[in-house]
Amino acid sequence: MGHVPRAEALKAQQQADLLLLLESPDPRARGVLTGKVFEYIASGTPVLSLGSLADYEIPKLLSETGTGISFSYDNTVALKQFLVQCLDGVSQATAYRPDLSKIMHYSRHRQADELYTELRQRLRQHR
């Protein structure tokens, strides 16, 4: 398909029924939160993450914000059940109950404010 303009990609994400996020069970991925997961959360579309183990950050983030569901690479029975429910139109199957207050905790504006506050406090301590 080649390069797709960002605006077109974001529009497609918003129009999708479900967004697929493929992740790794590698222990080095445990604490990694990719930019793609935040892009998907901002789309307003439920996220289906595959690969991360339950105690990794991405499944925790999706659960905390109510924006998606995650299955580890070896949980094929539960994944199949979830996909069948989605295809049957079961609205609960998407696990999509976004909590705006939790989502906004991860906004760029909020993160910038927290970084600014932290930097100011450290500068005061060193004076």
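In this predicted model, and leaving aside residues up to four places away in sequence, L21 is in contact with K36, V37, Y40, V47, L48, S49, L50 and I58. L21 also belongs to the largest nonpolar core, a set of 10 residues whose other members include L19, V37, Y40, I41, V47, I58, L61, L62 and I103. Two or more residues of this core come from each of strand 1 (19-22), helix 2 (35-43) and helix 3 (57-65). In soluble globular proteins, nonpolar side chains tend to be buried together.

| Aromatic pair | Centre to centre | Angle between planes | Class |
|---|---|---|---|
| F38 and Y106 | 5.8 Å | 40° | tilted |
| F71 and F82 | 5.5 Å | 50° | tilted |

F38 is located in helix 2, whereas Y106 sits in the loop between helix 5 (100-104) and helix 6 (108-125), so that this pair ties together parts lying 68 residues apart in sequence. With a relative accessibility of 28%, F38 is classed as partly exposed, and Y106, whose relative accessible area is 26%, is likewise partly exposed.

For the pair of F71 and F82, the former belongs to strand 3 (residues 68-72) and the latter to helix 4 (residues 76-87), so the parts that the pair ties together are 11 residues apart in sequence. F71 is buried, its relative accessible area being 6%, and F82 is buried with a relative accessible area of 3%; both values count as buried because the cut-off for that class is under 20%.

Key. Residues numbered from 1 in each chain as written. Predicted model: local features only at pLDDT ≥ 70, side-chain atom pairs only at ≥ 80, totals over all residues. Heavy atoms only, no water. Core = buried A, V, L, I, M, F, W, Y, C linked by side-chain atoms within 4.5 Å. Buried < 20%, exposed > 50% of the residue type's maximum accessible area, 1.4 Å probe, protein only. Helix = DSSP H or I, 4+ residues; strand = E, 2+ residues; numbered from the N terminus. Contact = heavy atoms within 4.5 Å. Phe/Tyr/Trp six-rings, centres within 6.5 Å; stacked < 30°, edge-to-face > 60°.
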